[in-house]
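Subject: Structure handover

Dear colleague,

Here is the structure I promised to pass on. My notes on it follow below.

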Amino acid sequence: MNILVIGGGGREHAIVKKISESKRVSKIYCAPGNGGISDIAECVPIKVMEFEKLIEFAKEKNIDLTVVGPDDPLVYGISDAFKAAGLKVFGPTKDGAQIEGSKVFSKELMKKYNIPTAKYEVFESYDEALTYIESENSYPAVIKAEGLALGKGVIIAKDLEEAKSALKEIMIDKVFGDSGNRVVIEEFLTGPEISVLSFCDGETIVPMVSAQDHKRAYDNDEGPNTGGMGTFSPSRIYNKELQEECMNNIFLPTVNALRSEGIIYKGVIFFGLMSTKNGVKVIEYNARFGDPETQVVLPRLKTDIVDIFEAVCDGTLKNINVEWEDNACVCVVEASGGYPKKYQTGYEIEGLDNISDNIFVYHAGTKKEDGKYLTAGGRVLGITAKSRDLDTAISDAYKAVKNIYFTDVHFRKDIGVK
């Protein structure tokens, strides 16, 4: 098979690597790809939102399956465009991708079908949102830009001043563009977070192994939200009882709710969950593989991922036995100093040839020039260790981190500890 992966981050590197392990694949392309991806796939200089060019390329190269990584193209209908062109594509259509593209849509879906989530209100006016915050006088307050915001559109305000500042940034300054036309203000839930990605063919849903992400830039969950500074799998608290609770109260009800709305959802549903004293609740849905969760989940997958992708596309997922390794994975993100705000790029990355067998380095923001890897983004590398248990994987990942460096490198030192 010839396969095209769309995207150019650490998530896509993890997808490409897992596809490369399939005996069914002869050629992998990635658009646009990055420095690390170029070692195992042919990178193509087409941007993820250039639908016509991507379709033209897929036809020209006789692509048998296209796998979409990022959220933007899914929300804007890339799967619809590929299907209309007669091409097989892994990823939900535009109507399904609303679960990520519109927080209002996803919250209203959960409310309508009694899927447990935080209480919320929606506002289109800065003044009305501020009046509500002042009248509730309950902190921390969770303020979310309605649309896509690179994983940074959720602000947890500790007091009225922070809430005012968040509302101004989102609704007046438009730091997230049109994604801030509306805000969702939610009650603040407490408890450990769990990430569960799942394969879904519109009828059958197959959860993957659990993970936990670290969103804040600095140790002890301090600093601004990022796209993710590291992650580990499995979650330390996600046992069989919680798994059953989630399947019965969240996973199956979500697929059935989408079907009831006329949406046959084919792709990955990412469930961002919180285990509260009142049961597990949904914090958010994503319409694709998480980043960096994919970097710790896919290395543990035993089943050929191409078989799974095809079964999802064909609606035959119930016929696939998806198997996982009984081990653990930890990913520590090395980011450019200053991320997620201002940072410099173009620094040479050193030490990549000095890693042990159980370590894989996923490239997120790199480019390759004259045989050298250079930094080319905020999140640069995901140093991932696969070991027999979490504590060993944490230790192995940080040993590798010590050997891989670039100017102004920044990473958290507490990934997997909480």
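How do the residues of the lining of the second largest pocket divide into nonpolar, polar and charged? Please keep in mind that this is a predicted model. The lining holds eight nonpolar residues, with five polar and five charged ones besides.

The pocket

The volume of the second largest pocket comes to about 420 Å³. Its lining is made up of 18 residues, and those closest to the centre are Tyr-76, Gly-101, Gly-147, Leu-148 and Ser-179. Helix H3 (71-75) and helix H5 (94-101) are the elements that each give two or more residues to this lining. H5 supplies five residues, the largest share.

The sheet

There is also an open sheet of four strands, in the order S11-S10-S16-S17, and the pairing is antiparallel. At the edges are strand S11 (205-207) and strand S17 (279-286), each of which pairs on one side only. From one strand to the next, the twist averages 35°.

Strand S16 (residues 266-276) and S17 run antiparallel and are joined by seven bridges. To find this pairing in the viewer, look for Leu-273, which stands opposite Val-282 in S17.

Helix H11 (residues 305-314) packs on the sheet, where H11 touches strand S10 (193-201) and S16. The direction of H11 makes about 65° with that of S10.

Regards

Technical notes:
Residues numbered from 1 in each chain as written. Predicted model: local features only at pLDDT ≥ 70, side-chain atom pairs only at ≥ 80, totals over all residues. Heavy atoms only, no water. Pairing = 2+ DSSP bridges. Axes fitted to C-alpha atoms, helices over the stretch in contact; angles between N-to-C directions. Contact = heavy atoms within 4.5 Å. 1 Å grid on protein atoms, 1.4 Å probe; cavity = no way out; pocket = protein on both sides within 12 Å on 5 of 7 lines; lining within 4 Å. Points joined across faces, edges and corners; volume = space filled by probe spheres on them. Nonpolar A, V, L, I, M, F, W, Y, C, P; charged D, E, K, R; others polar.
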